[in-house]
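Here are my notes on the model you sent. Please read them with the structure open.

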Amino acid sequence: MIRCVLFDRDGTLGNLFDVRYPQTFAPFCPISPIFARLKAKGYAVGIVSNQSSIARGTAKNYDFNKEFSAYGADLWAICPHDDADNCNCRKPKSGLLFQICEKGGFTPDECLLVGDRLSDVQCAKNAGASAVLVLTGKGESEKEKVKALYPDLPVLSRFDEIVNFLEKL
């Protein structure tokens, strides 16, 4: 049973006008009402995000905590590393998902990760969580790769379709 719905940030909840700078993020649609609807249905809502801009120094003074709490997220975990750091938290590794599970008292099989990349799907699947691919961000261009590996994986046009998707489960 799904108890926690997690979202990737960049490409899933919105796009960056310049990938080096997190402050250039623009949501695809209002995020707070979707999170509120999920919470009203009893789900915890979280965000898991790779943010190499932190490692590269282009996220100086950017407050992800303020952003994510303003959306109404209950939990979040950020990977501040770059690919070369070979950390355990950078997706497709599952460290961010495990951090959320520890913080929220969930098991991975109680989590659903919504993302726009194969790395998001692999993060979830490698941990034993469920996943949904959205076609925003890199989703359209990665759909074929994702479906080749996970043919039964649900695909949604945008993140805001998740409420209706969960109602049908």
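**Notes on the fold, the cores and one lysine**

1. Burial. This is a predicted model. Of the 169 residues in the chain, 50% are buried.

2. Secondary structure and size. The chain has seven helices and eight strands. Its radius of gyration is 15 Å, close to the 15 Å that the globule rule gives for 169 residues, so the chain is as compact as a globular protein of that length. Along the principal axes, the C-alpha atoms fill a box of roughly 40 × 35 × 30 Å.

3. Contacts across the sequence. Take the contacts in the chain with a separation of 6 or more: 63% of them are between residues 24 or more positions apart.

4. Surface and charge. The accessible surface is about 8100 Å². Carbon and sulfur atoms hold 50% of that surface. The side chains include 21 positive and 21 negative ones. The centres of these two sets lie 2 Å apart.

5. The largest nonpolar core. This core has 30 residues. Val 5, Phe 7, Phe 35, Leu 38 and Ile 162 have the most contacts inside it. Several elements give it two or more residues each: strands β1 (4-7), β4 (44-50), β6 (111-115) and β7 (130-134), and helices α1 (32-40), α3 (64-71) and α7 (162-168). Which element gives the largest share of this core? It is α7, with four residues.

6. Leu 38 as a way into that core. What does Leu 38 touch, leaving out residues up to four places away in sequence? Its partners are Val 5, Phe 7, Tyr 43, Val 45, Ile 162, Val 163 and Leu 166. Val 5, Phe 7 and Ile 162 are also on the list of core residues with the most contacts.

7. Lys 143. This residue is found in helix α6, which covers residues 139-149.

8. Neighbours of Lys 143. Lys 143 touches Leu 133 and Leu 135, with residues up to four places away in sequence not counted. Leu 118 is 25 residues from Lys 143 along the chain. The C-alpha atoms of Leu 118 and Lys 143 are separated by 8.0 Å.

Methods. Residues numbered from 1 in each chain as written. Predicted model: local features only at pLDDT ≥ 70, side-chain atom pairs only at ≥ 80, totals over all residues. Heavy atoms only, no water. Rg over C-alpha atoms; globule rule 2.2 N^0.38 Å. Buried < 20%, exposed > 50% of the residue type's maximum accessible area, 1.4 Å probe, protein only. Contact = heavy atoms within 4.5 Å. Areas by Shrake-Rupley, 256 points an atom, 1.4 Å probe, with all protein chains shown as cover. Lys, Arg positive; Asp, Glu negative; His and termini not counted. Charge placed at Lys NZ, Arg CZ, Asp CG, Glu CD. Core = buried A, V, L, I, M, F, W, Y, C linked by side-chain atoms within 4.5 Å.
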